[in-house]
Amino acid sequence: MMSVGARLATKLELFEGKNRGALLMAAGEDRFQRVQIVERKDYAGDLWSIRVRPEEKLKFQPGQYATLGIRDGDHMIERPYSIVSSPHEEEIEFFFELVPEGGLTPILHHMGVGETLWMRRQAKGRFAFDDKSGHLNHFLAATVTGVAPFVSIVRNLTGEIRNGRTPNCKLAILHGASRSWEFAYREELQALSNDSSWFRYVPAISRPWEDPSWKGEVGRIEDVLRKHLDALGFEPKTTTAYLCGHPQMILNAQSILQRRRFQKEFIREEVYWVPEKGGSRPASS
Ligand SMILES: Cc1cc2nc3c(=O)[nH]c(=O)nc-3n(C[C@H](O)[C@H](O)[C@H](O)COP(=O)(O)OP(=O)(O)OC[C@H]3O[C@@H](n4cnc5c(N)ncnc54)[C@H](O)[C@@H]3O)c2cc1C
């Protein structure tokens with residue numbers, strides 16, 4: 001009779017062919033599941049989104065992140081990524097920026113439809129929509145890929161409103177990028193902004209000289225944040241602010257909001273990376 005170990009090994013070999021790395025992974029790391037890429041869209045040379053089909057449903061709240069990984073021998077290269085899709089969608093969507101010297105994004109950037117990667121079975125994060133404070137207004141500011149959790153929040157609310165929920169809050173997304181083609185979800189968000197009284201979308205570019213046909217807002221988030229808060233009539237007493245993406249934008253926006261008398265507890269942040277000491281702000285901010 002076959003030992004338990006031998007049976008497991010045979011089973012795993014059937015499961016994975018003869019890929020030793022994946023066998024080790026399947027034996028030890030049941031915290032991950034495989035997901036298959038079913039769609040990929042490219043927006044710029046360094047910006048793209050994918051939709052993946054998981055083996056089992058991932059439970060998450062809009063605003064949370066999933067951890068994606070690629071096996072490298074016995075080691076898993078894994079990073080957190082905000083989920084773009086709403087929990088009601090069958091597939092899970094992510095929006096990436098390539099970090100050329102990075103450990104994971106250069107590998108992800110080469111992957112296309114039909115290929116598989118790993119995803120932790122549990123979504124995480126506390127960057128969720130504030131439905132506790134009773135605030136009527138929600139001001140969401142993001143740099144480039146930082147819009148990902150906001151798209152999830154907006155898609156989720158749109159779904160609820162379609163199913164009969166009365167829109168009892170106001171949301172505005174201020175989205176910063178260098179050039180307009182970096183606004184991956186602009187069409188979707190602009191259409192909703194045009195058609196609804198509860199949602200506003202304001203994209204702003206910081207390099208208009210590289211995008212001369214742009215007719216919209218110009219400036220970094222920090223430059224235009226105060227103006228749009230005031231124009232919307234979003235007062236600190238009735239507003240929760242959410243900042244996502246570039247660490248320097250988050251620091252600057254925090255101080256602006258605090259000077260505008262926002263309390264710290266109503267400024268939520270999702271910082272995507274820690275800048276290296278003495279590093280300058282990258283072009284896409
Ligand atoms: C909660 C959370 C959610 C995130 N969601 C997203 C998301 O939706 N989309 C997304 O693209 N990224 C997201 N990130 C960042 C992501 O986890 C990785 O850090 C990023 O993709 C780089 O991974 P890498 O392995 O290629 O580079 P790494 O090897 O991790 O990093 C190499 C160096 O680049 C710096 N760095 C990392 N990201 C950037 C960047 N964008 N620009 C400039 N320098 C950078 C790092 O600090 C490090 O010094 C998120 C991070 C967190 C904490």
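Strand E7 (residues 137-143) pairs with strand E11 in the parallel sense, over six bridges, where strands (E, at least two residues) and helices (H or I, at least four residues) are DSSP runs numbered from the N terminus, and two strands count as paired if DSSP finds at least two bridges between them. The model described here is predicted, with local features requiring a pLDDT of at least 70, side-chain atom pairs counting only at pLDDT 80 or more, and totals for chains, interfaces and linings using all residues. Residues are numbered from 1 along each chain as its sequence is written.

From E11 the chain crosses through helix H7 (residues 247-259) to E12 in a right-handed β-α-β crossover, the hand being called right when, with the strands pointing away from the viewer, the path from the first strand over the helix to the second runs clockwise.

These strands belong to an open sheet of six strands, ordered E10-E9-E8-E7-E11-E12 and paired in parallel. Strand E10 (217-218) and E12 form the edges of this sheet, each pairing on one side only. E7 is joined by seven bridges to strand E8 (residues 170-177), which runs parallel to it, and threonine 143 has glycine 176 in E8 as its bridge partner.

Strand E3 (residues 65-72) pairs with strand E6 (residues 116-120) in the antiparallel sense over two bridges, and in E6 the bridge partner of leucine 68 is methionine 119. E3 is also paired with E4, antiparallel and over eight bridges, with histidine 75 in E4 as the bridge partner of aspartate 72. The hairpin of E3 and E4 has two residues between the strands, and in this hairpin glycine 73 takes a positive phi near 65 degrees.

The loop between E6 and E7 contains phenylalanine 129, which counts as buried because it has 22 C-beta neighbours inside 10 Å. Leaving aside neighbours within four places in sequence, phenylalanine 129 is in contact with Pro62, Gly63 and Ile153, a contact being defined by C-beta atoms, placed from the backbone, that lie within 7 Å. The C-alpha atoms of phenylalanine 129 and threonine 240 are separated by 9.0 Å, although the two residues are 111 residues apart along the chain.

Around the ligand there are 23 residues, of which Gly102, Gly103, Leu104, Thr105 and Trp273 come nearest; a residue is near a molecule or strand if its C-beta atom, placed from the backbone, lies within 6 Å of it. E4 and E5 each supply at least two residues of this shell, and the largest share, four residues, comes from E4.

Overall, the chain has seven helices and twelve strands, and 34% of its 285 residues count as buried. Among contacts between residues at least 6 apart in sequence, 71% join residues at least 24 apart. The pLDDT, the predictor's confidence in each residue on a scale from 0 to 100, averages 90 over the chain, and 87% of the residues score at least 70. Over residues 1-28, however, the pLDDT is below 50, and beyond near neighbours in sequence this stretch has 17 contacts in the model. Where pLDDT is low, the predicted coordinates should not be read in detail.

Notes:
Contact = placed C-beta atoms within 7 Å. Buried ≥ 20, exposed ≤ 12 C-beta atoms within 10 Å, placed from the backbone.
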